[in-house]
Amino acid sequence: MTTSSPSLSPTPARTRFEGDADRVAVIVPGVGYSPAHPLLDYARLVLLQHGWTVQQLWWRIPGEFRGFTAAERSEWVEAQVAAAVDAEGGSCRLLVGKSLGSLAAGFAADRNLPAAWLTPLLTSPRVADALTRTKAPTLLVGGTADALWDARVAGELPHRVVEIPSADHALLIPGDAVRSAGVLQRVTAELDTFVRAVG
């Protein structure tokens with residue numbers, strides 16, 4: 001992969017919600033799970049409630065992304081997240097990411113950034129290794145029906161882990177709207193507690 005290719009380093013679209021200028025949280029999406037989807041939108045509401053500035057990151061995934069190696073995918077995600085974080089001039093103090101966004105776990109570990117990862121890709125050795133060496137406060141939320149969630153890996157990590165029985169990769173309970181709404185409420189409460197602790 002060559003970093004000079006314009007398709008590999010697009011300018012990501014962003015949406016900003018102003019709060020405390022010294023406390024910026026960057027919201028990192030999944031492949032098809034944008035910041036407008038419920039889990040990330042409620043994360044935004046929690047952060048605003050606690051006075052944070054929220055910077056949403058919206059992917060412009062290149063067409064050839066499916067053909068990338070695991071290393072290239074991580075490199076691409078980290079480049080997008082690094083650009084968003086660096087644009088804050090040192091004020092970014094938290095990442096909230098969904099699925100593909102967790103490929104930036106190594107970046108968060110290197111920068112000592114607290115992070116909340118919703119349905120992180122725990123089946124990826126790169127993500128698991130990054131979370132193992134992460135020292136900053138970290139929240140992990142996943143479902144037992146998610147093929148990309150590894151309960152064994154999660155149980156060995158020194159972080160707050162919330163495992164939702166029967167929840168899939170969207171943290172929905174298939175065929176049960178009421179229980180799915182309850183999952184959203186629980187995840188929102190966990191995020192609220194985590195954001196309070198991060199400060």
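Rings of Phe, Tyr and Trp (its six-membered ring) pair if their centres lie within 6.5 Å; planes under 30 degrees apart count as stacked, over 60 as edge-to-face and the rest as tilted. The model here is predicted, so local features need pLDDT of at least 70 and side-chain atom pairs count only at pLDDT 80 or more, while totals for chains, interfaces and linings use all residues. Residues are numbered from 1 along each chain as its sequence is written, and side-chain values use heavy atoms, without hydrogens and water.

**Exercise 1. Aromatic pairs**

Find how many aromatic pairs the ring rule gives, and classify the pair of Trp-59 and Trp-76.

*Solution.* 
Step 1: The rule gives a count of three aromatic pairs.
Step 2: For Trp-59 and Trp-76, the ring centres are 5.2 Å apart and the planes stand at 50°, so this pair is tilted.
Step 3: Now locate the two rings: Trp-59 is in the loop between β3 and α2 (70-86), and Trp-76 is in helix α2, 17 residues apart, so the pair links distant parts of the chain.
Step 4: Are these residues buried or exposed? Buried means under 20% relative accessible area, exposed over 50%, and partly exposed in between (1.4 Å probe, protein chains only). Trp-59 has 14% relative accessibility and therefore counts as buried; Trp-76, at 2%, is buried too.

**Exercise 2. A second pair**

Describe the pair of Phe-65 and Phe-68.

*Solution.* 
Step 1: Phe-65 and Phe-68 are 5.3 Å apart, centre to centre, with 55° between their planes, a tilted pair.
Step 2: Phe-65 is buried because its relative accessibility is 6%, and Phe-68 is buried because its value is 12%.

**Exercise 3. The partners of β3**

Work out which strands pair with β3, and in which direction they run.

*Solution.* 
Step 1: Recall the terms. Helices (H or I, at least four residues) and strands (E, at least two) are DSSP runs, numbered from the N terminus; two strands pair if DSSP finds at least two bridges between them.
Step 2: Strand β1 (residues 13-17) is joined to β3 by five bridges, and the two run antiparallel. Here Ala-13 has Trp-58 as its bridge partner.
Step 3: Strand β2 (residues 20-28) also has five bridges to β3, but this pair runs parallel. In it, Asp-20 stands opposite Trp-52 and Ile-27 opposite Gln-56.
Step 4: Check how covered β3 (residues 52-58) is: six of its seven residues are buried.
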